[in-house]
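Let's take a walk through this fold, one piece at a time.

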Amino acid sequence: MPYCDVGTTNNGIKIFYRTYGGGPVKVLMIIGLAGTHDSWKPQIEGLVGTTQANDIDDNRSSEDGVCNGNGNGIEICVFDNRGMGRSSIPKNKSEYTTKIMAADAISVMEHLGWKKAHVFGHSMGGMIACKVAAVFPDRVLSLALLNVTGGGYECFPKFDRQTLSIAMRFLMAKTPEQRAAVDLDTHYTQEYLEQHIGVKTRRQVLYEGYVEGISATGMQSNHGFDGQVNACWTHRISKKEVEVIGSHGFLISVIHGRCDVIAQISHAKRLAHRLYPLAKMVELPGGHLVSHERSKEVNEALLDLIKASETKTSPFDWTNLSPKPNTSTSSCWASSSSSRLNSETESTNSGIAEKTRIMILYLLGLFLVVFEYIKRARVLGCLKPIRTTRNET
């Protein structure tokens, strides 16, 4: 089994990974919360032409050619984040932050002997990818952020009937079947799920695959789930980190499904504007797992990013965003442009963000109280009354 030891001390944490294809172009893909490396299958197949993993005992050199690939000269590495799948599951919640998990990703690259890579991340994986770019910018060739937010309060979905129902079903899911059913409504649009593939709907086909996949990997442990949630909640990209990313000048693609009920597209747009002029915003009709729902378009966007990066395309020829008013785009755009762009936004939003966070925490607490009440009511409803007799006098 391909495992990578991570950490500076002998902490016993191992990261499970797989590689696909071969060639000089290296792509590291980082999956999101509660996901495993298998979630990247549509992108693996689209970029290298196969979903058959490379044999770790194969002595071939990936620099010499392509193995099990389509001739694009691309080698992909995917892995299970700590807390999920076949990777280690630390029990301490403090061992899960996007900075720590970014270091995990770099450890995998070191293990493979990769000096640089195109780094793609989905959802929480996009947050981790941002940290990789901010903390280890010399290792990044380009950055793709799929269905990502800025972390913290931005992790909360819209507060409406649909998302409240999904949240309750997610918390109550105890079996692979229950989890698969709620995952479908979380990841895809209803229009997509109701499409027919032969005599079955896409929902029925996907449900069977989800149950099989969850049964194979097992339900995520409480330690892993709580830890990964902590990583999302504590994630933040500071103004200084934006400046670091900007100073290295690698191109960025922010890809998002317009109907995402988990990560709101407005947050992704805000992040893309913070990364101007390096970033391009790609909006697609789809849900949170737009990489599956619109795999062809997503794969084309990723290949475009790789090509633009390899050909040294200018950021101003790459971006489809417009600078905000009164924002200079001089020759020192790499640092000063992003700094000025953020100053007004961050100062305005800081107070709003704190008030919003408090309000959301209040609503979340209220929701948990209601959920606990419903759960207790269900338990009490299952108790049969004991019939007693009384001697009448």
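S5, H3 and S6 form a right-handed β-α-β unit; right-handed means that, with the strands pointing away from the viewer, the path from the first strand over the helix to the second runs clockwise. The labels H and S come from DSSP runs numbered from the N terminus, with helices (H or I) needing at least four residues and strands (E) at least two. Bear in mind that this is a predicted model, where local features need pLDDT of at least 70, side-chain atom pairs count only at pLDDT 80 or more, and totals for chains, interfaces and linings use all residues. Residues are numbered from 1 along each chain as its sequence is written, and side-chain values use heavy atoms, with hydrogens and water left out.

Start with the strands. S5 (residues 117-122) runs parallel to S6, and the two pair over six bridges; strands count as paired if DSSP finds at least two bridges between them. Look for Phe-120, which sits opposite Ala-144 in S6. S6 also pairs in the parallel sense with S9 (residues 252-257), this time over four bridges, and there Leu-143 has Ile-252 of S9 as its bridge partner. So how enclosed is S6? Six of the seven residues in S6 (residues 140-146) are buried, so the strand is largely enclosed by the rest of the structure. Here buried means under 20% relative accessible area, with exposed over 50% and partly exposed in between (1.4 Å probe, protein chains only).

For context, most residues other than glycine have a negative phi, and most peptide bonds are trans. Another exception is the cis peptide bond between Tyr-276 and Pro-277, with omega at about 5°. Pro-277 belongs to the loop between helix H10 (265-274) and strand S10 (279-284).

Now back to the helix of the unit. H3 (residues 124-135) packs against H2 (residues 98-112) at an angle of about 75°, with the axes 8 Å apart; the axes are lines fitted to C-alpha atoms over the stretch in contact, and angles run from 0 to 180 degrees between N-to-C directions. H2 and H3 are therefore roughly perpendicular to each other, the term for 65 to 115 degrees.

Technical notes: Parallel < 35°, antiparallel > 145°, perpendicular 65-115°, else oblique.
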